[in-house]
Amino acid sequence: FFSGLASGARVLDIGTGNGAITLIARRTAEGLGRSLEIHGTDLARINPGRDVQGGAQLFAGITFHPNVPAEDLPFEAASFDAVSGQYALEYTDTERSLAQVMRVLKPGRDAQFVMHHANSILVERAHASLRQSDIVLKDTKIYRKLGRFLEIDSRATAAAKRAWEQLSAAISVLREARRTDADRRVIDVTLDAVPKLLELRGRLAPAALAREIESVEGDLRHTVRRLNDLITVAVTETAMEECAQRAGAHGFIDVAYQPLLHAQRALVGWQFRLHKP
């Protein structure tokens with residue numbers, strides 16, 4: 001998609017996150033001896049130059065626009081030669097976002113998006129990760145048990161012994177789940193985190209250690225919300241056809257979509273291509 005752009009073309013990547021697609025655009029152009037003017041927008045308060053390791057150098061010359069909804073782009077009409085987005089459009093009000101893409105795209109130019117597919121390997125893995133998260137957060141409640149044990153472990157009491165036994169039992173449950181589940185990343189991370197948190201005893205004050213545990217558990221809960229969002233927005237073939245019809249109603253022509261495969265076998269999304277006459 002980017003290799004067809006002439007030097008000096010203006011590119012807009014919506015829902016850019018940490019700017020991965022903007023880098024693909026720039027590196028593609030550089031490989032062809034061209035240069036592009038590249039912009040990335042996101043509803044979140046993004047700052048890839050600061051938040052990505054080596055970002056200041058990686059993203060030099062790329063302009064990011066944080067806190068910008070795709071449904072209300074702050075750019076002049078017909079000001080971009082190409083619009084892109086990876087796992088972005090489906091998270092928005094597509095009706096309004098498509099209208100904005102039509103507005104900012106120059107006549108005769110294209111937009112291309114990759115969207116989550118309801119049957120993709122990403123959705124499959126999201127369901128697997130959610131099942132594991134339930135074991136961690138709901139079935140074993142291991143972080144709560146860890147916090148309880150660390151709160152009372154300095155006391156040689158029956159309660160401290162019970163707390164350790166409960167924590168050990170939770171670890172055993174997770175180890176068994178890891179043994180039987182082929183996709184076990186969440187459990188692997190948890191089983192790695194628990195001993196590291198235990199090692200912080202004596203090095204951190206109790207309140208600081210409790211905050212550390214809360215932070216680790218909070219990160220997992222944030223992941224759960226993100227995975228649920230992914231599953232919710234993933235697009236079925238029927239919904240994809242409806243999206244294509246909406247694009248046509250906004251004036252796009254040559255609207256096309258097809259399943260997108262990684263390494264010719266793993267379904268990773270929909271490829272959605274639009275042309276502004």
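Which helices each supply at least two residues of the lining of the second largest pocket?

Tutor: The two helices that each supply at least two residues of that lining are α6 and α9, where helices (H or I, at least four residues) are DSSP runs numbered from the N terminus. The model is predicted, so local features need pLDDT of at least 70 and side-chain atom pairs count only at pLDDT 80 or more, whereas totals for chains, interfaces and linings use all residues. Residues are numbered from 1 along each chain as its sequence is written, and side-chain values use heavy atoms, with hydrogens and water left out.

The second largest pocket has a volume of about 300 Å³ (the space filled by probe spheres set on grid points that are joined across faces, edges and corners). A pocket here is an open set of points on a 1 Å grid over the protein atoms alone, where a 1.4 Å probe fits, with protein on both sides within 12 Å along at least five of seven lines, and lining residues have an atom within 4 Å of a point. Of the 17 residues that line the second largest pocket, Gly-147, Leu-150, Glu-151, Pro-206 and Ala-210 lie nearest its centre. By class, the lining of the second largest pocket holds eight nonpolar, two polar and seven charged residues (Ala, Val, Leu, Ile, Met, Phe, Trp, Tyr, Cys and Pro count as nonpolar, Asp, Glu, Lys and Arg as charged, and the others, Gly among them, as polar).

The two helices also pack against each other: the axes of α6 (residues 142-152) and α9 (residues 206-233) come within 10 Å and cross at roughly 180 degrees. Axes are lines fitted to C-alpha atoms, for helices over the stretch in contact, and angles run from 0 to 180 degrees between N-to-C directions. The pair is therefore roughly antiparallel (angles under 35 degrees count as roughly parallel, over 145 as roughly antiparallel, 65 to 115 as roughly perpendicular and the rest as oblique). In this contact (heavy atoms within 4.5 Å), Tyr-143, Arg-144, Leu-146, Gly-147 and Leu-150 of α6 meet Leu-209, Ile-213, Val-216, Glu-217, Leu-220 and Arg-221 of α9. The classes represented in the contact of α6 with α9 are seven nonpolar, one polar and three charged residues.

On the α6 side the contact is made by Ile-142, Tyr-143, Leu-146, Phe-149 and Leu-150, and on the α8 side by Thr-190, Ala-193, Val-194, Leu-197 and Leu-198. By class, the contact of α6 with α8 has nine nonpolar residues, one polar residue and no charged residues.

The largest pocket has a volume of about 1,200 Å³ and is lined by 43 residues, of which Tyr-87, Tyr-91, His-116, Arg-226 and Leu-230 lie nearest its centre. Helix α9 gives the largest share of this lining, 10 residues, and the lining of the largest pocket divides into 21 nonpolar, 13 polar and nine charged residues.
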